[in-house]
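Please read them with the structure open.

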Amino acid sequence: MPSPSRIVLAPDSFKGSATARQVAAALRDGILGVEPAADVRCLPIADGGEGTLDVALTRGWQGQRAAVAGPWGDPVEAQWAMAPGGDEALVELAAASGIALPVQAHRPTDDATRALAASSRGTGEVIAAALDAGCRRVVVGVGGSACSDGGLGMLRALGAVVRDQSGQQVPDGVVGLERAASVDLAPARELLTGVELVLAADVTNPLVGPQGAAAVYGPQKGADEDRRPHRDGARPLEGRADARRHGPCARPGAGAAGGVGFALLALGARRVSGVEHLLDLAGIDSALRDADLVVTGEGRLDSQTLHGKAPAGVLGRARAAGVPVVAVCGTSALTPSELRRAGFDRVLALTDREPDVARCLADPVPLLREVGRDLARGCQGHA
């Protein structure tokens with residue numbers, strides 16, 4: 001394949017290793033080092049989790065900050081983005097209630113205790129800050145959460161009142177969810193009067209049941225079998241136990257972010273695909289119109305990549321535009337035939353150059369520059 005002159009770089013982050021913006025910049029440096037005349041456009045993407053705000057910031061949105069409660073109660077300064085004109089906000093749950101946020105020394109250190117204690121309160125506080133700033137449309141990207149509280153903390157931060165059987169307000173976290181006997185959403189709904197609330201999520205799991213938030217995602221956050229929430233504890237937050245089959249509990253996306261998706265739906269949010277929303281925000285279709293090649297990827301390519309993750313979204317848009325697609329990753333668990341069926345023209349893994357995965361994770365930028373040089377030379381074989 002000859003080295004193209006118009007290249008769109010649209011990677012997701014290599015989680016825990018490099019942001020999407022850093023990945024794109026390293027690839028660009030490598031390409032331009034070989035082909036200085038190449039027209040290279042960096043378009044970092046995300047799927048609603050880590051890196052979501054970068055998509056907006058590269059499109060001229062203004063970064064804002066809010067001092068909020070982190071998932072384990074420690075204060076964090078969470079960033080959010082405001083659209084030009086100030087009427088729309090983009091909130092990244094991971095910035096306020098994310099599993100990658102640091103745990104202070106005096107907080108629980110074992111996974112199970114952290115999973116039970118984690119709260120979504122900070123996300124509600126960021127939404128409230130956006131409303132205070134005058135935003136009338138708030139999009140919430142919900143990937144990368146630490147919480148499994150059914151959105152309890154977020155609801156309380158927005159004014160909802162949740163009480164136990166004795167009439168006392170419940171604490172945050174899974175403990176509060178398990179104690180909840182009644183919920184009054186009216187104050188939160190009043191706060192959101194005239195506001196368009198949007199849930200940006202590609203997770204389609206309901207809140208409860210065998211495919212619910214606790215059963216599927218609880219173990220990833222450290223929740224053990226005996227204390228996985230939502231199976232019964234979510235019923236008070238639904239309002240009526242007999243409405244679970246048809247209400248917000250059962251709707252696709254309710255299980256996103258440990259139930260934060262449910263809480264947003266209960267407040268009247270409209271659900272959209274996180275990947276598709278962010279691709280539109282990034283202007284991917286316009287960038288592809290005259291492109292010779294698009295490069296996407298993430299830290300690890302696996303079966304999940306092909307089902308709703310950001311690289312799959314880029315792949316779909318590029319194939320529709322007739323543009324070849326190369327995937328760049330740290331490592332790939334997909335077979336060559338799976339990659340070909342998906343539609344990737346080539347796959348370039350950092351482990352092809354450095355077999356030590358730990359080194360790839362620790363310092364991916366030089367390896368990404370090498371990949372960029374290979375792309376420019378057009379000398380890499382097909383995957």
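This is a predicted model: local features need pLDDT of at least 70, side-chain atom pairs count only at pLDDT 80 or more; totals for chains, interfaces and linings use all residues.

1. The buried residues of α12 are G274, V275, H277, L278, L279, L281 and A282. Because seven of the nine residues in this helix (274–282) are buried, α12 is largely enclosed by the rest of the structure.

2. Look next at the residue that follows. Just after α12 comes G283, whose phi is positive, at about 75 degrees.

3. The pair α1 and α17 deserves a paragraph of its own. Two packed helices are described by the angle between their axes and the distance between the axes. For α1 (residues 20–34) and α17 (residues 364–377), the axes come within 7 Å and cross at roughly 45 degrees. That angle is why α1 counts as oblique to α17. The crossing of these two helices is right-handed.

4. Which residues make up the meeting of α1 and α17? From α1 come V23, A26, L27, D29, G30, I31 and V34. On the α17 side they meet V365, L368, R369, V371, G372, R373, L375, A376 and R377.

5. The last point concerns D164, found in the loop between β7 (161–163) and α7 (173–179). Is D164 buried or exposed, and how far away is the nearest side chain of opposite charge? D164 is buried, and that side chain, R179, is 5.8 Å away. D164 has no salt bridge; the cut-off for one is 4 Å, between a side-chain nitrogen of Lys or Arg and a carboxyl oxygen of Asp or Glu. Apart from neighbours within four places in sequence, D164 is in contact with V170, R179 and A181.

Key: Residues are numbered from 1 along each chain as its sequence is written. Side-chain values use heavy atoms; hydrogens and water are left out. Helices (H or I, at least four residues) and strands (E, at least two) are DSSP runs, numbered from the N terminus. Buried means under 20% relative accessible area, exposed over 50%, partly exposed in between (1.4 Å probe, protein chains only). Lys and Arg count as positive and Asp and Glu as negative; His and the chain ends are not counted. Contact means heavy atoms within 4.5 Å. Axes are lines fitted to C-alpha atoms, for helices over the stretch in contact, and angles run from 0 to 180 degrees between N-to-C directions. Angles under 35 degrees count as roughly parallel, over 145 as roughly antiparallel, 65 to 115 as roughly perpendicular and the rest as oblique. A crossing is left-handed if the near helix is turned anticlockwise from the far one by less than a right angle, and right-handed if clockwise.
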